[in-house]
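Here is a colleague's note to read alongside the model. Please keep the structure open and follow the points in order.

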Amino acid sequence: MTQHSKGTALITGASSGIGAIYADRLARRGYDLILVARNSARLNELAKRLTDETGRAVEVVAVDLGNKADLGRVEQILQTDASITLLVNNAGVGATGPLLASNVDKMEEMIALNVNALTRLTYAAVPGFVARGTGAIINIASIVGIAPELLNGVYGGSKAFVLAFTLSLQKELADKNIRIQAVLPGATATDFWGIAGTPLEHVPREIVMPAEDMVDAALAGFDLGEPITIPSLPDAADWESYEAARQNLMPHLSRNIPAARYRTAIR
Ligand code: NAP
């Protein structure tokens, strides 16, 4: 039976891995889809399968989100298509090599996709969501956003940006009926690893989650209304105490005098 439409979900990085599974799951939940990535053959193949299997409308937009003009096309879709109720900011690339072994131009390309494109697409979507009084954004961050020592530092920094940006937007949009979730996957079995410079087979199996399980857990977290979802974390209380420690710091971080331990040094 065809489900009643929940509106349209625009998913970036939908041609493979995590994004393609979001496409599958969201179509089955009753969303029409706009699938964005560079590889048009893979996007079209996925679109055809999902239309055949779910009866949902699936549109393909084959663009390079690192290219300003291409990115502008997707921004325009988000600004003008009032059927869009969900943006999944998933497209991203990583790196596993250390700073000294990394090409800075590659690092800049990573920032353009992981940070700049995600920021511009969010800016394009939010005003319409606010005007319509509804909408949701799922931002795919990473555990390296809180553990930047684990992989390449620019990659970790880009995902720390996604987490900080999400936390800030959650506060700003709290009374506007707009949901924003940040998902922090651990290692997930996708093409990501080979592209980032470490074959998946070299990653210890006990830390790698199947991509289907990761997305299903992240959507379960979305359904629970979680602002931050860490699919691997066994005990949610561990995140809550980390977050509580951060909240406790907040009233003490900006004052009109230096801390006592620094005052003698200043005199
Ligand atoms: P993936 O299979 O390599 O998917 C990345 C997606 O992004 C692909 O659809 C790719 O499609 C798209 N993409 C890459 N560059 C693009 C560009 N310039 N313009 C448009 N689309 C582009 O890897 P994945 O694991 O599913 O990654 C999805 C997200 O999860 C990323 O943000 C990643 O940082 C995050 N993540 C992954 C892991 C992990 O262990 N796999 C862990 C934590 C977080 P095209 O090549 O067709 O453009």
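1. A definition comes first. A polar contact is a pair of N or O atoms within 3.5 Å; within protein, one atom must be able to donate a hydrogen and the other to accept it. Residues adjacent in sequence count only if both atoms are side-chain atoms. Please also bear in mind that this is a predicted model.

2. Start with Arg56. The side chains of Arg56 and Asp32 are joined by a polar contact of 3.0 Å. Arg56 sits in the loop between α2 (40-54) and β3 (58-62). Is Arg56 buried or exposed? Its relative accessibility is 8%, so Arg56 counts as buried.

3. Thr12 belongs to strand β1, residues 8-12. A polar atom of the Thr12 side chain lies 2.9 Å from the backbone nitrogen of Asn90. Thr12 has a relative accessible area of 2% and is therefore buried. Asn90 comes up again at the ligand, where it is among the closest residues.

4. Now the ligand. How many residues surround it? The count is 31, and the closest are Arg38, Asn90, Tyr155, Thr188 and Thr190. By class, this shell holds 15 nonpolar, 12 polar and four charged residues.

5. The biggest share is from α6, which gives three residues.

6. A polar side-chain atom of Ser16 is 2.9 Å from a ligand oxygen atom. In the side chain of Asp64, an N or O atom lies 2.8 Å from a nitrogen atom of the ligand. Thr188 uses its backbone instead: an N or O atom there is 2.7 Å from an oxygen atom of the ligand. How much of the ligand does the protein bury? Taken alone, the ligand exposes 880 Å², and the protein buries 93% of that.

7. Aromatic pairs next. The whole structure contains four of them. In one, the ring centres of Phe161 and Phe165 are 5.4 Å apart and the planes meet at 20°. Stacked pairs need planes under 30 degrees apart, so Phe161 and Phe165 are stacked.

8. Phe161 is partly exposed, at 29% relative accessibility. Phe165 is buried, at 14%.

9. Which residues form an aromatic cluster? Ring pairs link Tyr155, Phe192 and Trp193. Tyr155 is also one of the residues closest to the ligand. A ring elsewhere has a charge over it: Arg179 lies over the face of Phe222, 4.3 Å from the ring centre.

10. Check the backbone at Asn177. Most residues other than glycine have a negative phi. Asn177 has a positive phi, near 60°. It lies in the loop between α5 and β6 (178-183). Asn177 is exposed, with a relative accessible area of 52%.

11. Val115 is buried at 14% relative accessible area. Met107 is buried too, at 10%. Met107 and Ala95 are 12 residues apart in sequence, and their C-alpha atoms lie 8.4 Å apart in space.

12. Last, Val203. Where does Val203 lie? Its place is the loop between α6 and β8 (209-210). Val203 counts as buried, at 7% relative accessibility. Its C-alpha atom is 10.0 Å from that of Thr188, which is 15 residues away along the chain. Thr188 is the residue with a backbone atom 2.7 Å from a ligand oxygen.

Conventions
Residues numbered from 1 in each chain as written. Predicted model: local features only at pLDDT ≥ 70, side-chain atom pairs only at ≥ 80, totals over all residues. Heavy atoms only, no water. Phe/Tyr/Trp six-rings, centres within 6.5 Å; stacked < 30°, edge-to-face > 60°. Buried < 20%, exposed > 50% of the residue type's maximum accessible area, 1.4 Å probe, protein only. Lys NZ or Arg CZ within 6 Å of the ring centre and 35° of its normal. Near = heavy atom within 4 Å. Areas by Shrake-Rupley, 256 points an atom, 1.4 Å probe, with all protein chains shown as cover. Helix = DSSP H or I, 4+ residues; strand = E, 2+ residues; numbered from the N terminus. Nonpolar A, V, L, I, M, F, W, Y, C, P; charged D, E, K, R; others polar.
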